[in-house]
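Please look over the sequence and the structure before reading on.

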Amino acid sequence: MGCDGWVAGLVDAFPRETVAIFNLAKQGRNQEALAIYRWFLPVLELDIHPKLVQYIKLAETQTGLGTENVRAPRLALVGEERKRILSIIDKAIANRPELPVGSWGIEAEVDVSGVS
């Protein structure tokens, strides 16, 4: 859609979706890219808060791609805030879109389950 690249913190937790949006946009498949982007938007908005590092790391933990640990002066999320952010992340995970063929890479086109 005119961009040459994309910098996003949530790519750490959702790499395939991020790459799919970019690739689809570069391929001119804008409606498919927008569908994934609209699903992704509530999670992406976590990246515009002062606690973005904690939010991104919590998302990484929920997707199995990282840890929730942060270095001082940042503090781990607790209480209602943690529950609220988890609900956003968990809703996204529960509704994760199927990526269109050709948007991510070979995984989107070939069943590689069971292949080691």
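Rings of Phe, Tyr and Trp (its six-membered ring) are taken to pair if their centres lie within 6.5 Å, with planes under 30 degrees apart counted as stacked, over 60 as edge-to-face and the rest as tilted. By this rule, ring pairs join Phe-14, Trp-39 and Phe-40 into a cluster. The model is a predicted one, in which local features need pLDDT of at least 70 and side-chain atom pairs count only at pLDDT 80 or more, while totals for chains, interfaces and linings use all residues. Residues are numbered from 1 along each chain as its sequence is written, and side-chain values use heavy atoms, with hydrogens and water left out.

**Aromatic pairs**

- The ring rule gives a count of three aromatic pairs, one of which is formed by Phe-14 and Phe-40 in an edge-to-face arrangement, 5.5 Å centre to centre and with 70° between the planes.
- This pair links distant parts of the chain, since Phe-14 lies in the segment before H1 and Phe-40 in helix H2, 26 residues apart; helices here are DSSP runs (H or I, at least four residues), numbered from the N terminus.
- Phe-14 is buried, with a relative accessible area of 0%, and Phe-40 is likewise counted as buried at 1%, where buried means under 20% relative accessible area, exposed over 50% and partly exposed in between (1.4 Å probe, protein chains only).
- The rings of Trp-39 and Phe-40 have centres 5.3 Å apart and planes at 25°, so this pair is stacked; Trp-39 is buried, with a relative accessible area of 13%.

- In soluble globular proteins, nonpolar side chains tend to be buried together.
- Leaving aside residues up to four places away in sequence, Phe-14 touches Trp-39, Phe-40, Val-43, Ala-59, Thr-63, Ile-93 and Arg-96, a contact being heavy atoms within 4.5 Å.

**Salt bridges**

- Five salt bridges are found in a search of the whole structure, each being a side-chain nitrogen of Lys or Arg within 4 Å of a carboxyl oxygen of Asp or Glu.
- One of them joins Arg-96 to Glu-17, with the closest N and O atoms 2.6 Å apart; Arg-96 sits in the loop between helix H4 (79–94) and helix H5 (106–109) and Glu-17 in helix H1 (residues 15–26), 79 residues apart.
- Within that pair, Arg-96 counts as partly exposed at 36% relative accessibility, whereas Glu-17 is buried, with a relative accessible area of 3%.
- Another salt bridge is formed by Lys-51 and Glu-81, whose closest N and O atoms are 2.8 Å apart; Lys-51 lies in the loop between helix H2 (30–44) and helix H3 (52–62) and Glu-81 in helix H4, so the pair ties together parts that are 30 residues apart in sequence.
- The side chains of Glu-32 and Arg-29 also meet in a salt bridge, at 2.7 Å from N to O; Glu-32 is partly exposed at 30% relative accessibility, and Arg-29 is partly exposed with a relative accessible area of 23%.

Methods:
Helices (H or I, at least four residues) and strands (E, at least two) are DSSP runs, numbered from the N terminus.
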